[in-house]
Amino acid sequence: MKCSLKLLFALLAAVLAILTIHASNPLLVGGESFYGADPSATVTEDGKLYMVVTTDSLDWDKQVGWDLYTTEDLVNWTNLGTIFDHEDSTWGINNAWAPDLATKDGQFYLYFYFRNGGKDGGVGIAIADGPTGEYKETTSERLFKGHDPAIFSDIDGTPYIFVQDKAYRLNRDLTSIEEGPINLNLAYRPEKFEAAYVFYREGIYYFTIARAWNNLIYYTSDKVLGPYTFRGEIMKPYGGNNHHSIVNYKGQWIMFHHEWVKDKPGHKGRQRRIRAEYLNFNDDGTIQLVHPTEEGISLDTLGK
């Protein structure tokens, strides 16, 4: 009997361990829910995955910087600390939202957005020699007016920043504008949208946005600047708003996004936390509708 109980407890422990590894939505930081918003995931040249997010605060005016996270198993994440904030900027004040991160030749490029309470807000760039910094601002003022910058390097290496339904062609230094803004001239342009994100897969460019703030939709084209054809939904309306990034990691396409939850311990009101799902495609390149799951993603299931 004692042996049977020991075996039962061992089996239960094994099951709990499996659930801990695979039950990954929302994502975990230090074993706790991953609170934050606007996740921008980046896979570096050496195959590591980093994510920079909008910080977790009930008072959005007190969001003044961005934290960087990394993971080895796609389930448990480590906070590497604040990599850039308003004290590092000559023009940024607050409403530090919706960043993006890129790497080239060992350097890291942070594309950030300070809304500044609606006055003189815009997009800036900071550079560092490593993922955690020290990041140095490249200009003493915003690079251009706009929000939710999304960096994309074309297959020929030409870099672009996408904001709303426009693009800026950058010089090869990734920090200065060669041309723009360039209007993508979307045939279908939602009345309200944000969170542009662009990726490339098997000859197809995908332009994605959050329609009405929380309905993720997408377009496709055979050219980086379009024309883009509207294809439909990636994820149906989900929470107060939604914001995403899409990367290929170890052969599997993954979409990171955030959800809204009520009454986080120690807080009152709505907070946001990070989730992730696999992104699957049909044979014609169209995206299969993503349904939020509790299982989410894990390194063990990549490629299956």
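This is a predicted model: local features need pLDDT of at least 70, side-chain atom pairs count only at pLDDT 80 or more; totals for chains, interfaces and linings use all residues.
**Close-up 1. K250 sits in the loop between β19 (244-249) and β20 (252-262).** K250 counts as exposed because its relative accessibility is 53%, and the cut-off for exposed is over 50%. Look also for V43: this residue is 207 residues away from K250 along the chain, yet the C-alpha atoms of the two are separated by 9.6 Å.

**Close-up 2. The largest nonpolar core has 51 residues.** Good places to begin exploring are F162, F207, F256 and L279, the residues with the most contacts inside this core. Strand β15 (residues 193-201) supplies the largest share of the core, with 6 residues. In soluble globular proteins, nonpolar side chains tend to be buried together.

**Close-up 3. L279 and its contacts beyond the neighbours within four places in sequence.** Zooming in on L279, you will find it in contact with F199, I234, I246, Q252, W253, I254, I287 and V290.

**Close-up 4. The protein as a whole has 1 helix and 21 strands.** Of its 304 residues, 53% are buried. Among contacts with a separation of 6 or more, 47% join residues 24 or more positions apart. The accessible surface comes to about 14200 Å², and carbon and sulfur atoms account for 51% of that area.

Definitions and conventions: Residues are numbered from 1 along each chain as its sequence is written. Side-chain values use heavy atoms; hydrogens and water are left out. A nonpolar core is a set of buried Ala, Val, Leu, Ile, Met, Phe, Trp, Tyr and Cys residues joined through side-chain atoms within 4.5 Å. Buried means under 20% relative accessible area, exposed over 50%, partly exposed in between (1.4 Å probe, protein chains only). Helices (H or I, at least four residues) and strands (E, at least two) are DSSP runs, numbered from the N terminus. Contact means heavy atoms within 4.5 Å. Accessible areas come from the Shrake-Rupley method with a 1.4 Å probe; for residues, only the protein chains shown count as cover.
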